[in-house]
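Colleague: I am new to this structure. Please show me how to read it, one feature at a time.

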Amino acid sequence: MIRLLSVFLVVLGWILPVSLEAQSNPDTGFITLRNRLEQYQKKQDPLGQANCLQEMGQLYYHLGNYSEALQHLLEADKIYRKINAIDPLAANLNRLGTLYYYNQQSDLAWQQFREALELYKQTKNAAGLAETYGQVGHLYEKQLNYDSAYYFQQLALKEARLSGEQVTLAKIYEHLGSILEDRQAYDSAFFYFSLSLEGYRASGKLLEQIEVINNLGDVFSKNGNPAKGMIYAREAAILAEQSEEKYQLQSAYRDIAQNFAALHQYDSAYHYLEKSRQLIQTIYTRENARQLSLLQTIHETDRKNAQIERLNADRKVNTLLLITSLIVLVLIAVVAFLTLNRQKLKIRNEQLLHEQHHQLYQTEKGLMESELKRQQLEETSLKQQLDIKSQELSSHILHLIQKNEVLEEIRNGLQDLLKDDKRDQKKALRHLLQKITISFSQDSYWDEFRLIFDKVHPTLLASLQQQFPSLTQSEMRLLALVKMNMSSADTSKLLGITPDSLRVVRYRVKKKLQLGPDESLSSFVQTLA
């Protein structure tokens, strides 16, 4: 029944136009469209492909196969957008909008119509605007929203007059008449139906003429004039019978039956109602046969295409296998040739490489022997220098010890003189003793000692100073003497202090070095590099 309803919608002009050939022979029409699509694909003509897809979508739509219709229309939409075909894209959007509407997707339908209007406004296509406004108004009419329907039909009428499209103008007049008929404004409805009929007659549209004549008869029937309505219904029946338009003939028989019933001629009413019912059955049977034929054609076409594709695939596979086999044989020959040459080249290269490695080994061996001799000589030289520096350091220390011993003796002698009661000598001797004491604290000779010590132990004092910045110069000298294993007596003489003072200094240094009471300062210093 859904498919039959879609057929009636075609007749009433509510949905998309399809060629007469496709309506009468949908299977033949489908094959024709499929062949045309393949030709356009071979020619790489995107516009032709999109137009064929659109027509196939319309054909599926009229057969009630909404999913296939939507798929083909969306494919056409994609191509139109890709090639920027604005007017064909807008027309396709109108078809999509109608499809969505009758598929109960109103939001998507209005979205398509709005975009179509924007595109037609860009191209200033009055005929396209008239068609779109007319479709929107007609859908509002089906929702019984007559005010909006009438508003949009008036917009469509304005654009149709600008375009001069006679058929479009006649269709809009028909829609306006239908709206006014539903609102029971029969005189106005008759006026617009009459204008529509004139337009269809001028353009030679017989099917549309029959439809409008039926509508004129309905106006009189609903307005209480069944006799006048009968005239139009019979005229529509005659034209439909002559043109073999069974849909319109069935509608005319139904209107005739209604008029006879209004005239209380029930036998005649029953007669025509029965004829209408028989036509419905005939139409339904014929449409089912057409649909089955189309489905069988589609199935056979798909099956043949699948077979062709399979054969082509097999042919391609066989060709590919043959080519692959030839390529493999050529590659094997090339690989064998290259392998032999490579083997020869490898042997020759290995011989050359072996000779080079031997020469390199001999050269490196000579260099290593030379380097070893140089290092040995350098090591011997460094040892000799170190021995010299150690001797210098020892001599310097010995000199200092001797100097300090002499000074110690002088200081002791002077202290004895101070014990004398001769006051005249005391002042001079005290002054001399003060100078000798000051000479103990002078460290000009320590500078020379530091230079020699750093040559023997280059990092020791610098490392200690960095790790323990609180160490004084006197404490650094003490650590240097400890490193040289000087005795406590010699150390006190070199530093110019008493043995007791030396013990105090050693204790203070251990504390700064964070050594425990039981830890040895000498052992700690000897472990340092």
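Modeller: Start with confidence. This is a predicted model. The protein chain averages a pLDDT of 80, and 79% of the residues score at least 70.

Colleague: Where does pLDDT stay under 50?

Modeller: Where pLDDT is low, the predicted coordinates should not be read in detail. Here that applies to residues 1-21, where pLDDT stays under 50. The model has 52 contacts beyond four places in sequence for residues 1-21.

Colleague: How many helices and strands are there in the protein chain?

Modeller: The protein chain has 22 helices and zero strands. Of its 529 residues, 37% count as buried. Its accessible surface comes to about 31500 Å², and 55% of that belongs to carbon and sulfur atoms. Look at contacts too. Among those between residues at least 6 apart in sequence, 59% join residues at least 24 apart.

Colleague: What do the buried residues of α11 pack against?

Modeller: They pack against α9 (146-163), α10 and α12. After α11 comes Gly204, with a positive phi near 75°.

Colleague: Now α10. Is Ser178 buried or exposed?

Modeller: Ser178 is in helix α10, residues 166-182. The cut-off for buried is under 20% relative accessible area. Ser178 has 18% relative accessibility, so Ser178 counts as buried. Leaving out residues up to four places away in sequence, Ser178 touches Glu141 and Phe193. Phe193 is one of the buried residues of α11.

Colleague: How many salt bridges are there?

Modeller: The count comes to 14 salt bridges. First, a general point. An α-helix has 3.6 residues a turn, so residues three or four places apart point the same way. Now the case in α10. Glu174 forms a salt bridge with Lys171, with the closest N and O atoms 3.3 Å apart. Glu174 and Lys171 are three residues apart in helix α10, so about one helical turn separates them. Glu174 is buried, at 3% relative accessible area.

Colleague: Which residue forms a salt bridge with Glu181?

Modeller: Lys222 does, and the closest N and O atoms are 2.8 Å apart. Glu181 lies in helix α10 and Lys222 in helix α12 (residues 206-222), so the pair ties together parts that are 41 residues apart in sequence.

Colleague: What about Glu274 and Arg277: how many residues apart are they?

Modeller: They are three residues apart in helix α15 (residues 266-418), about one turn of the helix. Glu274 and Arg277 form a salt bridge, with the closest N and O atoms 2.5 Å apart. Glu274 is partly exposed, with a relative accessible area of 21%. Arg277 is partly exposed too, at 45%.

Colleague: Which residues are linked in a network of salt bridges?

Modeller: Asp77, Arg81 and Glu115 are linked in such a network.

Methods
Residues are numbered from 1 along each chain as its sequence is written. This is a predicted model: local features need pLDDT of at least 70, side-chain atom pairs count only at pLDDT 80 or more; totals for chains, interfaces and linings use all residues. Side-chain values use heavy atoms; hydrogens and water are left out. Helices (H or I, at least four residues) and strands (E, at least two) are DSSP runs, numbered from the N terminus. Buried means under 20% relative accessible area, exposed over 50%, partly exposed in between (1.4 Å probe, protein chains only). Contact means heavy atoms within 4.5 Å. Accessible areas come from the Shrake-Rupley method with a 1.4 Å probe; for residues, only the protein chains shown count as cover. A salt bridge is a side-chain nitrogen of Lys or Arg within 4 Å of a carboxyl oxygen of Asp or Glu. pLDDT is the predictor's confidence in each residue, from 0 to 100.
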